[in-house]
Amino acid sequence: MSICKRVQQWATFARTWHIYDCTWQNPFDSAKIISKHLMGMNKPIYHPMIVNCLLLSSRSSRVNLCVKRFLLKTVPVYLTQKRNIMGRLGKVDPSSYSQPELITTLHSDLLWQVDFKNTKLIGSVTHKFNVLEKNLPAIILDVRDIKITNAELICDKSHIPLNHFISEPIDDIGAKLTLELPQGTAPGHLLVRIDYETSSAASGLQWLTPEQTLGKTHPYMFSQCQAIHARSILPCQDTPAVKFTYEATVDHPSDLTALMSALIDKRDPGCTTFKQEVPIPAYLLAIAIGKLVSKPLGPQSNVWAEQGIIDECAEEFSQTSEMLKTASDICGPYVWKQYDLLVMPPSFPFGGMENPCLTFVTPTLLAGDKSLADVVAHEIAHSWTGNLVTNKNFEHFWLNEGFTVFVETKIVGRMHSNKERDFHMLRNLTDLQECIRTQLANQPELTKLVVDLSNCGPDDAFSSVPYIKGSTFLRYIEDLLGGPEIFEPFLRQYLQKYAYKSVITDDFKQALYDYFNGTDKKEKLTEIDWDMWLSYEGMPPIIPKFDETLANVSKQLAQLWATKTTSELRDLPGVKQRISSHQLIDFLGKLIECKGIKDLNEQKIELLETVYSLKNTKNAEVRFRLMRLYIMARLLDRLDEIIAFANSNFRMKFCRPIYRDLANWPDARPKAIENFKRVKGQMMAVCSHTIEKDLGLK
Ligand SMILES: [Zn+2]
């Protein structure tokens, strides 16, 4: 083994085991860490300055050493232990190794070749850093399953190779890339180029074969970086505390279209260049490549999709421009120039992803009656809340999502009515109740508005709590201070003050007090019990007074269907009243939440399907709730239909509860697990990882 290889291996070893005080640079010091307590290592480690190797065995409490005698005599026993729980990776962000307090990324230049055959991105990233401290010893970046082939510092005329090491990865989190800087590095700008390739299993990328697409003729690839998957696509400061602009040149098959979360700079056959001039956090980096076409939705907007559904998409999302205009009225000027939608393949794990200039949305929104287009209002709202003013880490995720749902409901209110706005919030609260009762039943600490991610990855903490508890909190504050006329000017000021920045909850609190302290609302602020809202578990401590007109209809229906027998219901005229899609969704959701539904059997389900024409509904929200009722009624004959629904899309909102329900149904559990194992390769990592947990397989 070459000396260079030994140095690298030793340094990786030392860093993996958190041996910070002695590195290969001081061989006699580093020899001191030879500890009889090292556990879990079976491979030989070669110290660069010691000829013999150390064989570290987990089978014995004593380490089998073959080192020079004089070293052994002077070796004190140090306790070192490999991390088996995550701990906080950084000061600013528990989920990122990068050190934004010491260095930040200003701009990234990407050169990518898209290799569909090997399902990899191959290329380089050139980061322009701003070093904040003198004598910074190293740049630390986040990586996950990334192979680095070269790293160099770009100076005026020369390129200086940088020593680089990757630590042992933590499951589902990733690893630390250390780029060692020359001694005496001064604060200021630094240009670093890293050549690398992604793994074919990169958690942030999904590669589809032609058969997995609608058109069945061309492959497709897309990314999903939130929360911490950008690190599987490029070595970067994968923390929302850091924001950077980017440019990208992407080589791809010439018959496919490439899109990114940026403006298209130049499009040549087989090569597209992009520019994002507004600084973004790494999780907003996005790419999609496929056989795509577009249709205009307005002066700033197009919808992109595969040819087979493009007309349907244009029709479903025809209100996009109006939503964008309404959102601007509420939040201020739209800074991203373009607002396009990309309708994704069914394996896209979320309802939507607010990638700037190009929102990704699930095809499960195509209900045929625009009833699920609220998701677009939500993604548009993110253009301000989340993308412009960003949570500094995912413990404060409610600053992204709670604000966004709050603005989303305002858009709904302005475009439809305040009754609809309140109904929207009440429906959300039904969903939140269900989430707290099921998904978070064993993790009540995740029902807090501000969570502790010291030992929990953001994907594992993901739930509707930051969305719904967060927006309820804001609505409570708005009502407390006197309504939208009083609160919206503050909201605009807050968004302006923190635009292009990253914030924590205290920043919001401070801005609120700064704004209202000099006004007659000062006294009102003292009524807010911040601790109760931010740190208590469970449902929101105070539910604002919502208009319940629309919700009462679905509430009464749920009560009727839960308490009456099937034959009683057949003769009841009130059951057959016409209700809206939203009321139907809410009614089914509330029925699922009812305990002890009377006569929950095939006959009752059939009656339900007939009365509300559910059998052939295109509305995925309705279908999802119907499938859950099948499971509650233990309709084994319909298990194939339930599994077919679970396989028709891999949107986590639908798949996870279905799999959780099936896991609790002994007769269906084996088939659910067998099906999951068969299709999990077609899911994105974030989806298969969480379902594995839901099924108790992990
Ligand atoms: Zn959102």
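**Helix α23 and the annotated site**

Reply: The buried residues of α23 pack against α9 (458–461), α21 (652–663) and α22 (669–679). Helices here are DSSP runs of H or I, at least four residues, numbered from the N terminus, and contact means that C-beta atoms placed from the backbone lie within 7 Å. This is a predicted model, in which local features need pLDDT of at least 70 and side-chain atom pairs count only at pLDDT 80 or more, while totals for chains, interfaces and linings use all residues. Residues are numbered from 1 along each chain as its sequence is written.

Me: which residues of α23 are buried?

Reply: They are Ala685, Val686, Cys687, Ser688, Thr690, Ile691 and Asp694, where buried means that 20 or more other C-beta atoms lie within 10 Å of the residue's own. Because seven of the 10 residues of α23 (residues 685–694) are buried, the helix is largely enclosed by the rest of the structure.

Me: ok, switching topic: what does the UniProt "active site" annotation cover?

Reply: The unreviewed UniProt entry places that annotation on Glu379 and Tyr467. They span 89 residues in sequence, yet no two of their C-alpha atoms are more than 12.7 Å apart, so they gather at one spot. Such annotations may be inferred rather than shown by experiment.

Me: and is Glu379 buried or exposed?

Reply: Glu379, in helix α6 (residues 374–381), counts as buried because it has 26 C-beta neighbours inside 10 Å. Leaving aside residues up to four places away in sequence, Glu379 touches Gly352, Glu354, Thr359 and Val361.

Note on methods:
Helices (H or I, at least four residues) and strands (E, at least two) are DSSP runs, numbered from the N terminus. A residue is buried if 20 or more other C-beta atoms lie within 10 Å of its own, exposed if 12 or fewer, and partly exposed in between; C-beta atoms are placed from the backbone. Two residues are in contact if their C-beta atoms, placed from the backbone, lie within 7 Å.
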